[in-house]
Amino acid sequence: MEDFNKKYNMTDAELFAQIDKDELASEKITAPRYSYWRSVFRVFFRKRINIIVLVLLAVVVIFAYVYPSIIGFDPQVNPYIYVNEPGGQHLSPKDAIEHYGFALKWLFGAGATGAPTFDAIWNGSRISISLAVICAAINMTIGTLLGAVWGFSRRFDMIMNEVYNILGNIPSTLFISVMVMVFSPSFWTLVFAMTILGWLGMAYYIRTRVIIIRDHEYNLASRCLGTSIFKIAVKNILPFMTSVIVLEIAAAIPGYISSEVFLSYIGLGMSEASLGRLIYEAQTAMVTPGWGWEFWTPVAVASVITVVLYVTGQNLGDASDPRTHM
Amino acid sequence: MGKYILKRLLHGLFSIVVVIFIVMVLIYGLMDRMKLFRTDPQFSKQINNSRTTYMYQKWEEYGYLDYVPYADYLIDLARQGVIDEETRAAAAPLGRAEDGSDDSELTKEYVAKFYEYAEENGYKVIRLGAVLSRGRLASGGAQALFAYKDHSIPLRLWNYFKGIFVIDNVHKVPADQDIGARKLTFSLYDPIKTAQNGGKKVFSPVIMGNGTLHKYLLYFDSRFPYIHQNFLTISLGTSYSVTRGVDVFRSMTQRQGSYVKSPLTYPTGFQEDSADDLHTATYIQGSRDANVMYQQRYEDDYTSVQTIRSSMSRLGYSFFIGIISTIMVYILGLPIGVLMARYKEGILDKVGTVYIMFISAVPSLAYIFIFRGIGRAMGLPWLFDMDNFRKSMYILPIVSLALPSIASMMKWMRRYMIDQMNSDYVKFARSGGMSETEIFFKHVMKVAAIPIIQGIPGSLLFAMTGALITERVYLVPGAGGLLMDAINMYDNSVIVGVTLFYAVLSVLSLILGDVLMAMVDPRISFTDKAR
């Protein structure tokens, strides 16, 4: 003390001021400012790889959704304007660029009808991604909502367990194939076939998670204090579920793209020119030497799209887990 | 435990019935029946009335409805002795007019009876007038009169389940056939082998039947499983287009490939190089009289035999490939998953995580083709060819099937292990001074393996169904292709049969998985008391 007085050449009264005791402030519980979503993004962007993946995702979205409408690629009107071009079919990228001069659309060569593979692939990607996103949105919404009710209500649990035991035995590939066979193979048929039972797995998963978290001590305490079930669901349980849901969506979207490609490959896909349809149609070209491009480029693009979506989702899922926000 | 399993089995049975019901509603109730003709070359050749009758005939064949033409009705009446052959012939020709105004008096009488009969039995009658062009009958325009009735789905379901198990007995041959004494005979000396051996008796016990569907009901031969029985046959529905007229179960289990011929002595003593398997003889009424070749070879109407072929059955190929890849999954996936958890954040963990991510994200079709490309570059055979068999043909399908399952095995094993590492008993063991390795292998692994053990019966059973995509890419003639062929060819009964097969496997594997889990984990008990 005396050292300070000497050092600054001040008296105690000058150095220190009396502050009154603030009764109100002492009632407040202070904690660092915490915003859930800000923390999610802070954790997400901490990893360099996520920025790269996000840029790739942006590229994919731009090419799949913006590019086809800019160039006016419409498979319904006249996609194959190069049909009558002599020597314009089954071109490798090198031949196509030599034939037509350099343009973005000849980057992957030309297909069996002479249409630029590049354009066809991005148009197909748009259809495939849309299918996956729509299916994931429907299944995850129904699955999460029903799963939450299923987890909370014991009476509903009994009914739903029976339903699950019965419907869970239906092999999904078989069911989707039969549905596609029964109805006409269109985009919405596929959505219908993939969602009519698709929510069941998600609902069961959520139900199990809800039951585990529901019986934790802090929730029991919360209920003893009179918190409503709805508030417990939204405030106590939902934050734990967010990362689980995001992780599930991350796995589901590439999964739907994968099954669309698979169904098309075995001849049960939709009639629209999706990625799977392109791969299906290029099957015969694959065995011909020099025509492999038609098959491998859609396969490669499909793989890149699914990996980008998967990695984004996984890392976003990790970041949305509050336990990583320390 | 026994009571619990019984309850689960009953539940499973119920859910199988529901699944079959759903599939039947989808196929027979909701599907547009005209789709059957989309790929039928015969259909486009038919015009006018013959197209309509062709459609109803096909629908009957595919099991949609019961179709009774007027002519068949009359033949039936004649067979029952209600009318004589002359009346039948006179009543059969129909008039050309749709309303029946130019029918003969006799025809009018029987047409009226036909309508009456149809109404009594709930049939709907369709009468088509002749289609004329320039006063003459147009091509395919002959007049037609027939009745039809849709099969109801509950009835269809009942009949289907009633017909799954067929027990052979001496009353299988129609009662009006004179085939001598109907009985089962037991012999210590197999007549086929004896004949093969030039009449010298060969010891090989056999049970033969007369009046049964199969001639040989129990016999031994040199092929796996060496003892064969025909008392009980499983029938899952007869195929219409994929394997014409053959039962689904048989088309999954019968051998394929080229014929294996060997010198054979037929019951009549006729000798020939043939692939016929005489032990599989079944009864076909009147077949011997109708065919000179049969008269030369057989002494009775048990003439329908299966053939001996060189390659495994569809189920056999699928099961062989499936079982080896399942074994690979457990041998490789489990230890790698354990090591990834043990040395978390290490180099193996990082490489493994990338591999898991690759398999989970990339479409299955893409990586199977990538593996096939790699295998081809290494000089492995990349297409399956039954007639030109080499063992190395199995490598790529097995590897392609195993790699994705290995990834998921690694993922789950790693996750279970890491979850266990944070639990209290591990902390307790650590504080007690146990070494990390000891804790890991003695305690954590035992607990983490339990959910994996639960999946073992399922992975073994589902090895049989065959992998759709792998089999298609490598052209493996396995069971997986059967369903796809059936769907592409609208073979309804095969679809129902395969669904039943899948559903039974799925129910069984769930129950067996739980039982196995209860056996290895003393904490789990299925009896109410212990709970």
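## A tour of chains A and B

Start with two selections in chain B: the C-alpha centres of domain 1 and domain 3 lie 58 Å apart. Keep in mind that this is a predicted model.

**Stop 1: the domains.** Colour chain B by its three parts. Domain 1 covers 46-149. Domain 2 comes in two segments, 165-234 and 261-307. Domain 3 takes 314-520.

**Stop 2: a sheet in chain B.**

**Stop 3: one strand pair.** Stay with strand 7 and show strand 8 (residues 203-210) of chain B beside it. The two run antiparallel, and six bridges join them. Now pick B:T185. Its bridge partner in strand 8 of chain B is B:M208.

**Stop 4: where the chains meet.** Show chain A and chain B together. How many residues does each chain give to the contact? Chain A gives 30 residues and chain B gives 31. Next, select helix 8 (154-167), helix 9 (172-182), helix 13 (229-265) and helix 15 (292-319) of chain A. These are the elements that give two or more residues to the side of chain A touching chain B. Finally, colour that side by residue class. On chain A, the side touching chain B has 22 nonpolar residues, eight polar residues and no charged residues.

Terms used
Residues numbered from 1 in each chain as written. Chains lettered and ligands numbered in written order. Predicted model: local features only at pLDDT ≥ 70, side-chain atom pairs only at ≥ 80, totals over all residues. Domains from an automatic or database assignment. Pairing = 2+ DSSP bridges. Helix = DSSP H or I, 4+ residues; strand = E, 2+ residues; numbered from the N terminus. Contact = placed C-beta atoms within 7 Å. Nonpolar A, V, L, I, M, F, W, Y, C, P; charged D, E, K, R; others polar.
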